[in-house]
Amino acid sequence: MPERYDVILVGGGIIGSSTAMALAARHLKVAVVDIDLSGRLSSSEKNAGGVRATWWQPVNIALCRASIDYYRSVRDEVGFRQKGYLWLYDERAWIGACEHLALQRSLGQPIEVLTPAQAHARVPEIDKLDGIAGVTFSPEDGLINPNLLKEHYRSRSREAGAVYLDRVYVHAATIDSDEVRLQCWQSSDALSDEALVRLMSEDGRGEPQAGALFELRGGTVTITTGAWSDNALRLFGLRNYSEPVRRQLCLVDNRESNFAAYGMIVDTSGLYFHNEGAHILAGYSPPDTPPGHHFNYDGEPFFLDEIWPRMFARMNCCERLRHITGWAGLYEVSPDRSAILGRAAPRIFEAHSFSGRGVMQSYGAGQALAELVVDGRYSRFDASALSRERFDRGELVTEELHI
């Protein structure tokens, strides 16, 4: 390891890896540290793989558009399938969708407006049209393999000289006039899921673990720790505005139909689903889900209570759906459900709290943060609206179009 890095990224998930790629491409010495680079509990490894620029806030549309343009250029390497988003709206949400069409189109996001009957013609499986006030289809949105995308970022950044340090936990930090010093502990062995949760959430005593202590020095530090950002922010005396919230996904078997020709479908009920190999991947986010680092999957009861009723209420072909398996991951949700990205303090930068939008915005966010770190300002990718100062100024970037 060099005696000193230009930038140290704390967190090597999809945002940290994208930012490392952007920084290394600008010829900086970059180190990425993470307690578990395999990402067993990271949000990017447990999401549904949807990618869309169909949002209502300009900065979210722009960062997603920039990311989609990049994904298209490496589509085979990252498994990007540009099959669109079909979005069914109830009466209340349809008003907001229509109000934002001009903005979306002005920022380059093509969106078609469909009647419920036209949506049925496009997707014949949708044969129960009750409660649908209107429909949009965004053909340039699609689906991606988050793991392949993360590994793409890492491969490109390593080729440019970035170093990734696994099983590393940062337990103290000092900001000097010319550098930041991080006190780190590196585990000798991979940690269990339970040990990771205890360590990262500081929730109870853990088991003794062998490892080594060492120091890293860098010109700047960037916090890209996703749903685990609270600890890293605390090291630098920074307020954490966000909270982790569990999201569950089901893999279900359906012998009656094949959705392979379609992209993501979002129902009026908040259910979302897409084809996943020979099966369907479906998700729903109960609005009363409490915050916390909870990874328990509720299993077949979740499918029977939340997924199957909504799918069958919209499509007769889903009457005989069968639960196969599922999992739970985390959204890191900010007060306005938009990311926190920018300069957090002298020599400290951040990009986290994407509120379920990390994979979608990862390329654009990484490029934007690299511009700010290297040049001191944004140029191609303006993410100034996402600075943490917006909360004190009352300039929220409230994003409504969430699932």
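Modeller: S355 counts as buried because its relative accessibility is 2% (buried is under 20% relative accessible area, exposed over 50%, partly exposed in between, with a 1.4 Å probe and protein chains only). The model is predicted, so local features need pLDDT of at least 70 and side-chain atom pairs pLDDT 80 or more, while totals for chains, interfaces and linings use all residues. Residues are numbered from 1 along each chain as its sequence is written, and side-chain values use heavy atoms, without hydrogens and water.

S355 sits in the loop that joins strand 18 (348–352) to helix 11 (358–375) (DSSP runs numbered from the N terminus: helices are H or I of at least four residues, strands E of at least two). Although S355 is not a glycine, its phi is positive, near 55°. R337 likewise is a residue other than glycine with a positive phi, of about 60°. The loop between strand 16 and strand 17 (340–345) holds R337, which counts as partly exposed because its relative accessibility is 30%.

The largest pocket holds about 800 Å³ of space, a volume being the space filled by probe spheres set on the points, which are joined across faces, edges and corners. Strand 4 (85–89), helix 4 (91–99), strand 12 (243–253) and strand 16 (322–333) each give at least two residues to this lining. Its residues comprise 16 nonpolar, 10 polar and seven charged (Ala, Val, Leu, Ile, Met, Phe, Trp, Tyr, Cys and Pro are nonpolar, Asp, Glu, Lys and Arg charged, the others, Gly among them, polar).

The second largest pocket holds about 260 Å³ of space. It is lined by 18 residues, and N47, I144, N145, P146 and E276 are the closest to its centre. Helix 7 (146–159) and strand 14 (272–276) each contribute at least two lining residues, and strand 14, with three, has the largest share. Six nonpolar, nine polar and three charged residues make up this lining.

Helix 7 also contains K150, which counts as buried because its relative accessibility is 1%. Beyond its neighbours within four places in sequence, K150 is in contact (heavy atoms within 4.5 Å) with G12, G13, I14, S17, L37, S38, G39, S44 and E45.

Definitions and conventions
1 Å grid on protein atoms, 1.4 Å probe; cavity = no way out; pocket = protein on both sides within 12 Å on 5 of 7 lines; lining within 4 Å.
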